[in-house]
Amino acid sequence: MAANRATLAALTALAPVSWGTTYAVTTEFLPPDRPLFTGLVRALPAGLVLLALVRVLPRGAWWWKATVLGALNIGAFFPLLFLSAYRLPGGMAAVVGSVGPLLVVGLSALLLGQRPTARHVVTGVVAASGVSLVVLRAAGALDVPGVAAALASTASMSAGTVLTKRWGRPEGVGPLALTGWQLTAGGLLIAPVAFLAEGAPPALDAPAVGGYLYLALVNTAIAYWLWFRGIGRLTATQVTFLGPLSPLTAAVAGWAALGESLTPLQLAGMTLAFGATVAGQAGPRARPARAAERPGRSGARVTAPCPAPANAPSRQGSA
């Protein structure tokens, strides 16, 4: 069981690792200053491809549920994320985003009935501190709209993660279909905003086409499928603690592909953030079995261990 959970967590971790390559791909291959168009190209084609593969549409209440999840995880998250990245200095957007695990811990208590533990809170603080050491740079006054956008994008993704766990999936519907629904809904929400704010699509050369194909297929379709699949099988807290892998991957990609340097302080921060990510995968501690007492023939009490309770099905993924 532990080995299966570790494999599932490792596969889910490929999603934030892929997202960490977005900055390098964007700066090296894509046209500048088109964040909304980039978000649109990431989401809508990937969603339509997945819908064509699964050929399953939402039914009943899942029309509005898929729209809500698509808005939170894609439609609102992408524009707010790009807005914060353009307005904030250095890696401040990643620092603000690193508080996501703490938001998920709080939302899980409200929506999933999971009591927050001191271990999760401390682990979340350590993860945010580690990310800060990796990406934060000295800068002037902070841009208030940029900080607000970063917080809003983090809250949007956190709420989407917890609601995805709470609602689960309809009977007989797999994570691939759920991913397609959300990407399509999110892309359709981004489309009018992108065209109103940025105008017609830019001219694309071969590197830009390759970059957009990578973002749409690998960075979005496959990555979000792994992410939502992980949410369905792990706890929301375990999934969100994989999030710090994204800025860590961005730092490593910058060092390996863009010639950026890593200082000893950054390496220490990476160690802290990675350690918090691993610690965040630990499941809830099992309560020790209490001994049951029964009277013996002589009147003395004989202590016998109680059998361990069977694993009850979780209610967190119920619709």
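Buried, as used here, means under 20% relative accessible area and exposed means over 50%, with partly exposed in between (1.4 Å probe, protein chains only). Helices (H or I, at least four residues) and strands (E, at least two) are DSSP runs, numbered from the N terminus. The model is a predicted one, so local features need pLDDT of at least 70 and side-chain atom pairs count only at pLDDT 80 or more, while totals for chains, interfaces and linings use all residues. Residues are numbered from 1 along each chain as its sequence is written, and side-chain values use heavy atoms, with hydrogens and water left out.

Taken as a whole, the chain comes to 14 helices and two strands. Of its 319 residues, 46% are buried. A contact here means heavy atoms within 4.5 Å; among contacts between residues at least 6 apart in sequence, 86% join residues at least 24 apart. The chain exposes about 16300 Å², and carbon and sulfur atoms supply 67% of that. Accessible areas come from the Shrake-Rupley method with a 1.4 Å probe, and for residues only the protein chains shown count as cover.

Next, the interior. A nonpolar core is a set of buried Ala, Val, Leu, Ile, Met, Phe, Trp, Tyr and Cys residues joined through side-chain atoms within 4.5 Å. The largest one has 29 residues, and Trp19, Ile74, Phe78, Tyr224 and Trp227 are those with the most contacts inside it. At least two residues of this core come from each of helix H1 (2-19), H3, helix H5 (77-87), helix H10 (175-198) and helix H11 (206-233). Apart from this core lies another, of ten residues, including Trp62, Leu163, Trp167 and Leu178.

Glycine 47 sits in helix H3 (residues 35-54) and is buried, its relative accessible area being 0%. Setting aside residues up to four places away in sequence, glycine 47 touches Gly180, Leu183 and Thr184. From glycine 47 to leucine 178 is 9.7 Å in space, C-alpha to C-alpha, although the two are 131 residues apart in sequence. Glycine 75 belongs to helix H4 (residues 62-75) and is likewise buried, with a relative accessible area of 12%. Beyond its neighbours within four places in sequence, glycine 75 is in contact with Gly70, Gly186, Leu189 and Ile190. Glycine 75 and leucine 40 are 35 residues apart in sequence, with 8.8 Å between their C-alpha atoms.

Charged pairs come next. A salt bridge is a side-chain nitrogen of Lys or Arg within 4 Å of a carboxyl oxygen of Asp or Glu, and the structure holds one. Its partners are arginine 34 and glutamate 198, with the closest N and O atoms 3.4 Å apart. The pair links distant parts of the chain, 164 residues apart: arginine 34 is in the loop between helix H2 (22-29) and H3, and glutamate 198 is in helix H10. Arginine 34 counts as buried because its relative accessibility is 13%, and glutamate 198 counts as buried at 19%.

The loop between H2 and H3 also holds aspartate 33. Most residues other than glycine have a negative phi. Aspartate 33, however, has a positive phi, near 60 degrees, and is exposed, with a relative accessible area of 54%. Arginine 55, in the loop between H3 and H4, has a positive phi as well, near 55 degrees. At 76% relative accessibility, arginine 55 counts as exposed.

Further along, threonine 237 is part of helix H12 (residues 236-240) and is buried, at 5% relative accessible area. Leaving out its neighbours within four places in sequence, threonine 237 is in contact with Val104, Val105, Ser108, Gln114 and His120.

Finally, helix H14 (residues 264-279) has 16 residues and reaches 23 Å from its first C-alpha to its last, close to the 22 Å expected at 1.5 Å a residue; the expected span is 1.5 Å times one less than the number of residues. Its buried residues are Gln266, Gly269, Met270, Ala273, Ala276 and Thr277. They lie on the same side of H14, because they cover an arc of only 130 degrees around the axis, the arc being that of the directions from the helix axis to the C-beta atoms. Pro264 and Thr271, on the other side of H14, are exposed.
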